[in-house]
Amino acid sequence: MATVAARLEAVVQRLEKLADSLAAGGGAVPAVPGVPAAPTDKPKFVEDYQEFLETEVAAFLAAAKAIPGCVELEIDSMASILYSSIGKVMNMAADCKKPEQKALMEILAPVTSLFPKAEKAAFKKGDCRNHATAFKEMLSMINFLFVPKPRGFAEEAYTQPDMYLNKIRTLAKKKLSGDAKTQADAFCDTAKAVGISLKDYIKKYHAAGVTWNMSGIDVKEWTPGASAGGGPPPPPAPPAGMLPPPPVIEAAPAVSTASSGGGMSAVFAQINKGSKQCESAAAGGATAAFKLKRVTKEMKKAMKKLPPKKVSEKKKTVKKKTVAKKVVKPPSLEYRQGTWRVYNQVDNVEVKGVEVKHNVYIYNAQKNVITVPGKVKSITMDGCKRATVIFDSVISVFELVGCDACKVFCREAVPSVTIDKSKGTQLNLSAEPAKNPPDIVTSNISETNVILPGTNPDKDDPIEIALPEQYITKISGTNGKWDTDTTMVTHGG
């Protein structure tokens with residue numbers, strides 16, 4: 001007891017000295033040895049993105065709000081939704097484990113709804129049409145959250161608005177002056193700064209994919225300010241000039257010296273000594289084996305005659321094959337590097353603004369109608385299902401690859417059509433292109449038909465011609481001089 005009292009007295013003296021130093025203005029309470037420092041609330045990539053929002057994004061929003069035409073097209077509000085939604089995902093990544101693709105799409109539903117809105121703004125005539133188109137290209141950066149290698153995607157995607165930003169600078173230099181020119185230049189400078197900063201941020205923190213918390217919570221349980229640790233919050237700091245409460249020192253339970261001595265010899269001694277829980281002291285110092293029944297020879301013989309127990313066969317567990325869920329990507333329609341890219345469309349859409357030198361690439365269209373007015377260089381359908389394409393004129397070729405039950409309507413002219421690895425294709429030619437019908441090249445096709453107008457297009461029904469999908473080849477000749485004769489087999493036999 002004297003030793004414990006001396007130790008407590010020493011602790012009290014140290015606490016009194018510490019209180020005196022604080023009362024005299026000695027500074028903050030020093031760290032307690034052995035107690036780890038409190039962890040930071042968020043990782044570095046969350047703090048850096050918040051800084052990106054407060055600098056580059058804030059400057060871009062201010063530049064957009066200064067231009068009345070941009071405010072009318074809601075470019076500033078759409079940009080605010082885009083970058084704040086990415087910030088929300090960054091905060092969730094710090095606290096949550098990686099969600100499924102469907103859950104992430106639900107989180108980004110506000111951004112997905114911006115695509116048709118930005119598309120409509122880009123085609124609206126006015127002084128800020130190039131501003132809207134530039135922002136539409138900036139909107140595609142959201143896809144870094146879905147692609148497997150965001151670094152390469154960011155390197156290419158951040159340059160997409162450059163063409164329209166250069167158009168804004170050129171027109172401002174020729175037609176604007178004063179504050180209007182300054183505002184146009186500020187829009188271009190801040191938009192470019194946003195793209196470069198976001199690209200550098202992705203390369204630094206998410207080059208191989210978004211960094212999620214592997215030990216975090218589910219995204220459905222996440223709320224702003226949630227912590228992945230799950231532990232209780234740290235206690236509040238004490239008021240200025242007061243000491244924090246001393247840590248509670250729990251006394252270690254006393255260890256019996258009697259139980260620790262003797263080792264295994266003490267164990268056997270206890271067994272041989274007998275137990276006080278046996279019936280009585282009259283048992284003659286009963287041991288631990290008191291009152292156990294003796295196994296006789298007759299009992300052993302009876303045990304041998306018993307039939308052996310059947311060993312139950314373990315049920316074979318059949319592992320169910322996990323079918324990978326198909327990733328559903330958002331629809332997009334954008335012009336890049338001479339090609340109109342029409343991706344993942346499920347609603348009817350018209351590709352406006354096409355020119356003679358442009359190509360149109362349609363990928364994964366599902367049960368919809370896509371219209372391409374005017375004359376273009378070429379049109380390609382890839383991986384489409386039950387989609388219909390209506391176009392006026394193609395200079396080089398119309399191509400279908402890996403399509404199922406698709407329909408093609410030509411209004412004016414098409415010199416060549418290529419169909420590969422497709423089934424159920426229907427090519428419809430109106431009276432004008434039927435005057436100079438195209439060359440049709442097919443491979444690995446089935447159920448493919450060409451619809452041509454009748455003798456009198458206004459009265460007669462159109463004529464349907466089935467393209468062959470099987471051929472008969474006959475070999476003739478002798479003595480090394482061989483010849484082949486190939487005949488097509490139509491649907492009718």
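The accessible surface of the protein comes to about 33000 Å², and carbon and sulfur atoms contribute 57% of it. Areas were computed by the Shrake-Rupley method with a 1.4 Å probe; for residues, only the protein chains shown count as cover. The model is predicted: local features need pLDDT of at least 70, side-chain atom pairs count only at pLDDT 80 or more, and totals for chains, interfaces and linings use all residues. Residues are numbered from 1 along each chain as its sequence is written, and side-chain values use heavy atoms, with hydrogens and water left out.

The protein has 493 residues, of which 33% count as buried. Buried means under 20% relative accessible area, exposed means over 50%, and partly exposed lies in between (1.4 Å probe, protein chains only). The secondary structure comprises 15 helices and 14 strands. Both are DSSP runs numbered from the N terminus: helices are H or I with at least four residues, strands are E with at least two. Among contacts with a separation of 6 or more, 38% join residues 24 or more positions apart. Contact means heavy atoms within 4.5 Å.

Two packed helices are described by the angle between their axes and the distance between the axes. Axes are lines fitted to C-alpha atoms, for helices over the stretch in contact, and angles run from 0 to 180 degrees between N-to-C directions.

Helix α7 (residues 114-122) packs against helix α8 (residues 129-139) at an angle of about 155 degrees, and the axes are 8 Å apart. The two helices are therefore roughly antiparallel. Angles over 145 degrees count as roughly antiparallel, under 35 as roughly parallel, 65 to 115 as roughly perpendicular, and the rest as oblique. The crossing of α7 and α8 is left-handed. A crossing has this hand if the near helix is turned anticlockwise from the far one by less than a right angle, and is right-handed if clockwise. On the α7 side, the contact uses Leu 114, Phe 115, Ala 118, Glu 119, Ala 121 and Ala 122; α8 supplies Arg 129, Ala 132, Thr 133, Lys 136 and Leu 139. Seven of these residues are nonpolar, one is polar and three are charged. Nonpolar covers Ala, Val, Leu, Ile, Met, Phe, Trp, Tyr, Cys and Pro; charged covers Asp, Glu, Lys and Arg; the others, Gly among them, are polar.

Helix α4 (residues 75-95) also meets α7. Their axes come within 11 Å and cross at roughly 150 degrees. This makes α4 roughly antiparallel to α7. The crossing is left-handed. Met 78, Ile 81 and Leu 82 of α4 meet Leu 114, Lys 117 and Ala 118 of α7. The contact has five nonpolar residues, no polar residue and one charged residue.

Helix α9 (residues 150-157) packs on α11 at about 165 degrees, with axes 9 Å apart. α9 is thus roughly antiparallel to α11. Pro 150, Arg 151, Ala 154 and Glu 155 of α9 contact Lys 199, Ile 202 and Lys 203 of α11. Three of these residues are nonpolar, none is polar and four are charged.

Ile 202 lies in helix α11 (residues 179-205). Its relative accessibility is 0%, so Ile 202 counts as buried. The C-alpha atoms of Ile 202 and Pro 150 are 7.0 Å apart, across 52 residues of chain. Beyond four places in sequence, Ile 202 touches Met 141, Phe 144, Pro 150, Arg 151, Ala 154 and Ala 207.

Ser 393 sits in strand β6 (residues 388-401). At 7% relative accessibility, Ser 393 is buried. Beyond four places in sequence, Ser 393 contacts Gly 374, Lys 375, Val 376, Glu 412 and Ala 413.
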